[in-house]
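Notebook open, model loaded. I wanted to look up a few side chains and jot down what turned up.

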Amino acid sequence: MSLATGLLLLGLLHSLEVISPALAIDVPKTCSPKQFGCRDGTCIPKGWRCDREKDCPDGSDEEPDVCPHSTVSWCPHNEYHCGGTELCIHLSKLCNGVPDCTDGWDEGPHCRELTED
C-alpha cells in the first residue's frame with residue numbers, strides 16, 4: 001500500500017469516526033458520513049452513538065470500545081447529551097429551531113417527524 005493510499009484510507013476512517021481499525025471492516029459502505037455504522041450493518045445517526053441508549057439492534061453504538069470516554073458528568077434525565085461531546089442541553093431545546101449541539105443534531109431531520117401532524 002502506498003503512503004498516499006494509506007493516508008486516504010486513514011482520512012476516510014477518521015471521517016466515519018471509526019474508533020478501532022478492526023471496526024472498519026464491519027462498517028457498511030452504505031452509511032453516510034453523518035451516520036454511524038453498527039457492527040451488524042445497520043446505519044444510525046451519529047448523534048445517537050454514545051447517548052446511553054442502544055439504538056443499534058446489536059447495541060454496538062454503546063459498547064466501551066465505541067464510547068471510550070468516561071464521562072464524569074452524564075447529563076441529568078431532563079437533558080440531552082449532544083453526541084461526541086460533553087455538552088448537555090435541556091430537552092426543551094430539542095427541535096426548537098435553534099441548533100445547540102455542535103453537529104446540529106438537536107435540530108435535525110427527525111424534528112420534522114415530531115412536529116408534523
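**Rings and a glutamate**

I started with Trp-48, which is partly exposed at 28% relative accessible area (buried is under 20%, exposed over 50%, partly exposed in between; 1.4 Å probe, protein chains only). Bookkeeping: this is a predicted model, where local features need pLDDT of at least 70 and side-chain atom pairs count only at 80 or more, while totals for chains, interfaces and linings use all residues. Residues are numbered from 1 along each chain as its sequence is written, and side-chain values use heavy atoms, without hydrogens and water.

Next I looked up Trp-105, which counts as buried at 16% relative accessibility. I then checked Tyr-80 against Trp-105 and found a stacked aromatic pair, with 4.9 Å between centres and 20 degrees between planes. My ring rule: Phe, Tyr and Trp (six-membered ring) pair if centres lie within 6.5 Å; planes under 30 degrees apart are stacked, over 60 edge-to-face, the rest tilted. Tyr-80 is buried too, like Trp-105.

I counted 2 aromatic pairs by that rule. The other joins Trp-48 and Trp-105: centres are 6.5 Å apart and planes at 75 degrees, so I logged it as edge-to-face.

Last, what does the side chain of Glu-62 reach? I got the backbone nitrogen of Asp-51 at 2.9 Å, and a polar atom of that Glu-62 side chain also sits 3.1 Å from the backbone nitrogen of Cys-50. Leaving out residues up to four places away in sequence, Glu-62 touches several residues, including Trp-48 and Cys-67 (contact means heavy atoms within 4.5 Å).

How values were computed: A polar contact is a pair of N or O atoms within 3.5 Å; within protein, one must be able to donate a hydrogen and the other to accept it, and residues adjacent in sequence count only if both atoms are side-chain atoms.
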